[in-house]
Amino acid sequence: MNILVLGSGGREHTFAHQIIKSQQCDKLFVAPGNAGTAGIATNVAIGVNDFAEIKKLVLKESIRMVVVGPEDPLVNGIYDFFKEDEALKSVIVIGPSKRGALLEGSKERAKEFMAAHNIPTAAYKSFTAASVEAGKQFLETLQAPYVLKADGLAAGKGVLILQDLVEAKAELEDMLTNKKFGTASETVVIEEFLDGIELSVFVLTDGKNYLTLPTAKDYKRIGEGDTGLNTGGMGAISPVPFADADFMKKIEEQVVKPTVLGLQKENIEYKGFIFIGLIKVGEEPKVIEYNVRMGDPETEAVLPRVKNDLVEVFEHVGKETLDQVTLDLDARSAVTVVAVSGGYPEAYEKGKVITGIDTVQSATVFHAGTTAKDGAIVTNGGRVLAVTSFDIDFRKALINSYQNLEKIDFEGMYYRKDLGFDL
């Protein structure tokens, strides 16, 4: 069958890398893709939210499966767009309906869902511009640090964790009154700070059945020792060493099952990934957030550990027969280290020539913010590429990724050298 992957990052290159291995895949398209996907698939210059052009491509190329990488088109209803169109409704779309995507599209909605289905999470309250003073009063009832979350999508940047009450009040005002994050912060969720160690759990569901994929831990801060600005992801390690069988059983019983059952109870159509951001507080799991797609850069560490034919697995999602699939996982650890543009996550320059990718050995380079120009591969984003390595021990895998990153170069290139410091 012909398949389309939507997106242009490291996550989408990883999907393409896994899908192209399948005997079921005849022709693979990526829209818009990057320099990495161009090497293994056909890139098409279509934006992920341009549903009309996506439809034209799907019909022209007889595409039978669409794998949606980023959250934007899901929140904007691409699943519903396909299912409500007579010419498209038989296409398998990997991603939830618009209602399902609200679990990521609205922090408030996610919190309400967790409360309704008894899923453990932090205490919270929501506020708008009309209730900003009440929000400040609520902050006074909490202990530092203070957690402020923009309700809507803010490209992974809409969560603030602040130590100072005066600063927290000022930021709340900035978010609600001055629209710091645009429409994303028209509502702000304030919640109690949970102290513990974080991990990500990935679930693939057909709406009835589910598979729990390998765990991962990502590193979001730009600086070593988890300092500095939030980037969305500087690297990831899978599996998470502290998530033992007992803890995973708690996650399964207290979080995963109630989430999938909650979707069923609310008649929410959901055929895709659920990314559950968790924190281990003592010995108990609590949910920080839901995402409705695979994480980036966790995908670059998690997906290569899945040995199954990914297209066959996705076909079972479409048919609601995921209970017939047994995951075959690589027992080794996988780590991915992200190299970013100088200045990121603030202002950075594009168009820097990248060298050395072809010299990498015993590791995989997943492209994120790259493009081809005048016969060279150049930078085209903040997170430029991710180097993934395998080994029995995650520390050895990290050494391999770091050694390979030393072979790659572009002006201003930066990566964290302390991943796994907290494990």
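Which residue lies over the face of F275? In this predicted model, that spot goes to R293, at 6.0 Å from the ring centre.

A pair of aromatic rings is described by the distance of the centres and the angle of the planes. Searching the whole structure turns up 11 aromatic pairs. Take F15 and F273: their centres are 5.8 Å apart with 45° between the planes, which makes the pair tilted. F15 belongs to helix α1 and F273 to strand β16 (residues 270-281), so this pair ties together parts that are 258 residues apart in sequence.

F81 and F82 make another pair. Because their planes meet at 70°, with the centres 6.1 Å apart, this one is edge-to-face. F81 is partly exposed, with a relative accessible area of 26%, whereas F82 is buried at 0%.

Back in helix α1, which spans residues 10-19, there is also T14. With 0% relative accessibility, T14 counts as buried. A polar atom of the T14 side chain lies 2.7 Å from the backbone oxygen of G10. And what does T14 touch once its neighbours within four places in sequence are left aside? The contacts are T299, E300, L303, P304 and F366.

Conventions:
Residues numbered from 1 in each chain as written. Predicted model: local features only at pLDDT ≥ 70, side-chain atom pairs only at ≥ 80, totals over all residues. Heavy atoms only, no water. Helix = DSSP H or I, 4+ residues; strand = E, 2+ residues; numbered from the N terminus. Buried < 20%, exposed > 50% of the residue type's maximum accessible area, 1.4 Å probe, protein only. Polar contact = N/O pair within 3.5 Å; in protein donor to acceptor, adjacent residues only side chain to side chain. Contact = heavy atoms within 4.5 Å. Phe/Tyr/Trp six-rings, centres within 6.5 Å; stacked < 30°, edge-to-face > 60°. Lys NZ or Arg CZ within 6 Å of the ring centre and 35° of its normal.
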